[in-house]
Amino acid sequence: MEPQNFKNHIRFYTPHHFVFYPLMLILLGISIYFSFSDENLRTVWIFISILNLAITLLSFMLRQHYALTLQDRIVRLELRYRYFTLTNKRLEILENQLSDSQLFALRFAPDEELENLVNSAISENLSGTAIKKSIKNWHADNERV
């Protein structure tokens with residue numbers, strides 16, 4: 001496996017991204033096509049199209065919502081633990097000065113860069129992307145969703 005860095009840290013879930021969603025989009029395209037071409041069953045095909053679209057959108061929203069909510073919570077806890085272990089200071093005191101994007105970007109910082117990046121993120125108001133780009137030795141997060 002290639003070492004994780006800024007350019008390759010996005011992760012895809014093959015069954016969802018490359019099987020389920022393409023199939024649902026193909027089925028949606030077919031049902032929309034028949035909605036316009038089959039005069040006798042137009043209402044049925046329109047209903048199938050709407051149902052297909054609703055299932056696709058709902059599955060996307062639920063999958064993302066559940067996984068990301070849990071991941072966000074775990075990342076915060078891990079970051080608090082790492083920060084306390086390294087500095088003997090509580091990160092919770094500084095968390096209200098950091099956005100979610102900044103906090104989640106800090107998870108890729110290795111131990112030796114974490115405290116300085118937290119301070120830089122607060123003092124310079126670095127974006128999450130800027131934090132990720134400023135990491136010298138990327139700390140891979142291979143367990144994320």
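Helices (H or I, at least four residues) and strands (E, at least two) are DSSP runs, numbered from the N terminus. This is a predicted model: local features need pLDDT of at least 70, side-chain atom pairs count only at pLDDT 80 or more, and totals for chains, interfaces and linings use all residues. Residues are numbered from 1 along each chain as its sequence is written, and side-chain values use heavy atoms, with hydrogens and water left out.

**Exposure and position**
- Pro 3 lies in the segment before H1.
- Pro 3 is exposed, at 62% relative accessible area (buried is under 20%, exposed over 50%, partly exposed in between; 1.4 Å probe, protein chains only).
- Asn 137 sits in the segment after helix H6 (128-134).
- Asn 137 is partly exposed, with 45% relative accessibility.
- From Asn 137 to Ala 121, 16 residues apart along the chain, the C-alpha separation is 17 Å.
- Phe 18 belongs to helix H1 (residues 14-37).
- Phe 18 is exposed, with a relative accessible area of 52%.

**Second largest pocket**
- The volume of the second largest pocket is about 160 Å³ (a volume is the space filled by probe spheres set on grid points, which are joined across faces, edges and corners).
- A pocket is an open set of points on a 1 Å grid over the protein atoms alone, where a 1.4 Å probe fits, with protein on both sides within 12 Å along at least five of seven lines; lining residues have an atom within 4 Å of a point.
- Its lining includes Met 1, Glu 2, Ile 10, Asn 142 and Arg 144.
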